[in-house]
Amino acid sequence: LLLLLLLLLWGRFCCLRLLPCCCACSCSSLQQQNSNLTEEFPLLLEDVEGQLGFAAEALGAAPDAVNLWIGDQRSATTFHKDHYENVYAVLRGKKIFHLLPPTDVYRMQLGLYPAAQYQQVQGALVPVLTQPPSQVLWCPILPEPADADSARLQHPLYFDPSLPKPLRVEVGVGDVLYLPAMWWHYVQQQCNADEGWCVAVNYWYDMRFDLRYATYNMVAAMAEAAGLLPAMPEDVDTDTSSRGPASNDDSGDDSSSSSSGG
């Protein structure tokens with residue numbers, strides 16, 4: 001039943017929305033957020049738990065949002081952080097998370113980029129600069145670059161061998177990952193050859209703006225003073241997003257959340 005409903009919803013969704021991926025080809029990805037599982041696809045709740053009891057008990061609340069993610073190996077996020085405690089469950093395929101703690105913000109090579117939205121132009125999705133013009137803070141690092149030597153020169157702090165390596169976590173079918181709020185993560189996915197897609201559900205819980213948040217802000221301020229982060233003009237969205245500089249205006253994404261995909 002779950003697979004049948006997913007097939008029906010996937011066909012419906014592809015008609016409604018196509019998201020570009022990080023590669024040159026075009027591909028489809030179901031990435032609507034703001035609790036799309038409960039709001040857009042409630043029929044799937046017959047097969048998917050609307051909340052996880054152990055997580056609600058540990059975090060002291062029901063989930064703020066439950067999101068469904070469907071895509072293939074061409075879909076990936078960029079590095080970003082979410083202001084949510086994240087419990088991520090994989091139903092089909094495999095997700096690969098590259099992780100760094102919030103205080104490694106000084107290593108993320110964050111820069112200011114023109115903000116844009118994807119719009120359909122003659123049947124194709126193209127990025128169009130927002131009006132009035134604005135900027136977004138974004139991380140361009142690829143954790144597994146094709147040209148490792150060039151990447152080390154471009155992003156020396158991220159690839160510095162004297163610093164702790166990012167964690168690499170593979171989450172397979174039936175696995176659940178707890179991703180603490182504000183941790184940097186870049187998410188890839190792999191599909192089974194006979195299915196050709198990945199399916200996951202994640203549960204977002206509101207974070208507490210406690211010592212972790214204060215510590216992050218202190219390190220970010222020190223990084224900015226040291227020239228490792230750009231000074232923030234007033235028109236800049238300082239929350240990072242898996243959407244990157246170009247996004248869909250109807251994505252429902254909370255950028256204090258965009259990935260992602262994670």
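Colleague: Is Glu195 buried, partly exposed or exposed?

Modeller: This is a predicted model, where local features need pLDDT of at least 70, side-chain atom pairs count only at pLDDT 80 or more, and totals for chains, interfaces and linings use all residues. Residues are numbered from 1 along each chain as its sequence is written, and side-chain values use heavy atoms, with hydrogens and water left out. Buried means under 20% relative accessible area, exposed over 50%, and partly exposed in between (1.4 Å probe, protein chains only). Glu195 comes out at 30% relative accessibility, so the label is partly exposed.

Colleague: Which residue does Glu195 meet in a salt bridge?

Modeller: A salt bridge here is a side-chain nitrogen of Lys or Arg within 4 Å of a carboxyl oxygen of Asp or Glu. For Glu195, the N to O distance is 3.3 Å, and the partner is Arg92.

Colleague: How many residues apart in sequence are the parts that this pair ties together?

Modeller: Glu195 lies in the loop between β10 (184-190) and β11 (198-206). Arg92 is in strand β2 (residues 84-92), so the parts tied together are apart in sequence by 103 residues.

Colleague: How many salt bridges does the count come to?

Modeller: Lys94, Glu144, Arg168 and Glu170 are linked in a network of them, and Arg212 meets Asp210 at 3.6 Å, N to O. By the 4 Å rule, the count comes to nine.

Key
Helices (H or I, at least four residues) and strands (E, at least two) are DSSP runs, numbered from the N terminus.
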